[in-house]
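Colleague: Could you show me how to read the helices in this model? I would like the general idea and then the case at hand.

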Amino acid sequence: IFADVKDGEPILFDDGKIEGIITSVSEDELRVKIVNAKETGSKLRADKGINLPVSDLSVTGLTQKDMQDLDFVARYADAVNVSFVNNKEDVQQLLDKLKELESEIGIVLKIETRKGFDNLPQILLTAMQTYPVGVMIARGDLAIETGWKNIATIQEEILRICEAAHVPDIWATQVLENMAKKGLPSRAEITDAAAAQRAECVMLNKGPHIEKAIKLLDRILRRMQNYQRKKEVILERLEYAGDMSMKQEYA
């Protein structure tokens, strides 16, 4: 990436918890000025993600390790997830490799960059050469890459584009995360889980209370089936409001 990034471009670490600006670039080093972190200081541990949301990176496609892993995946897996899909060439490279391996396993394309979102129609048209294929709305990296203020409308547009293409969606990232990790959901998480009814699939992250989280998600989605089908609102009889009574007194 050292040949691609430029001075003045933003760089984010650990799901955007630490924000910086690149101040200088050399062949094997970036100097970064940190512009946002916790007031008490932030710790950056190993194996945390790095995002370069506006940089035009030439890094793309399958790595050499991906190619080796696909030999195993094609023989034993039902589907393969592809991270950081940026363009139709990334998809075609995967399809060519699977054809070479004589494999027809399912494909899930993770949309988690601005470039991936911008190129989504071409990505879908290329992917639809095979079946089955789906899209994961990877909202964590996608929010960082496109800006927090934009993620609500962008996830909505991905849902609508995929519905038009008859390609199923996976609603992912932090769904009922507090529930899975701590055993108690936040109010915002309940609303988010309910909105997931508009996708075909929901992904939960692991945690000590994951079984409780799955049961709660199942109850929420079963109830929401009476109110929402994809982007269509279902005007059913109100389940709880039907028992309410309101008295009017006239002077």
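Modeller: Helices (H or I, at least four residues) and strands (E, at least two) are DSSP runs, numbered from the N terminus. This is a predicted model, where local features need pLDDT of at least 70, side-chain atom pairs count only at pLDDT 80 or more, and totals for chains, interfaces and linings use all residues. Residues are numbered from 1 along each chain as its sequence is written, and side-chain values use heavy atoms, leaving out hydrogens and water.

Colleague: Which residues of H1 are buried?

Modeller: Met-67, Leu-70, Val-73 and Ala-74, where buried means under 20% relative accessible area (1.4 Å probe, protein chains only). Their cover includes strand S5 (79-82) and H2, with contact meaning heavy atoms within 4.5 Å.

Colleague: How do I describe a pair of packed helices?

Modeller: Two packed helices are described by the angle between their axes and the distance between the axes. Here the axes of H2 (residues 88-100) and H4 (residues 120-127) come within 8 Å and cross at roughly 15°. That makes H2 roughly parallel to H4, a label for angles under 35 degrees. Axes are lines fitted to C-alpha atoms, for helices over the stretch in contact, and angles run from 0 to 180 degrees between N-to-C directions.

Colleague: Which residues meet there?

Modeller: Lys-88, Val-91, Gln-92 and Leu-95 in H2 meet Gln-122, Ile-123, Thr-126 and Ala-127 in H4.

Technical notes: Angles under 35 degrees count as roughly parallel, over 145 as roughly antiparallel, 65 to 115 as roughly perpendicular and the rest as oblique. Buried means under 20% relative accessible area, exposed over 50%, partly exposed in between (1.4 Å probe, protein chains only).
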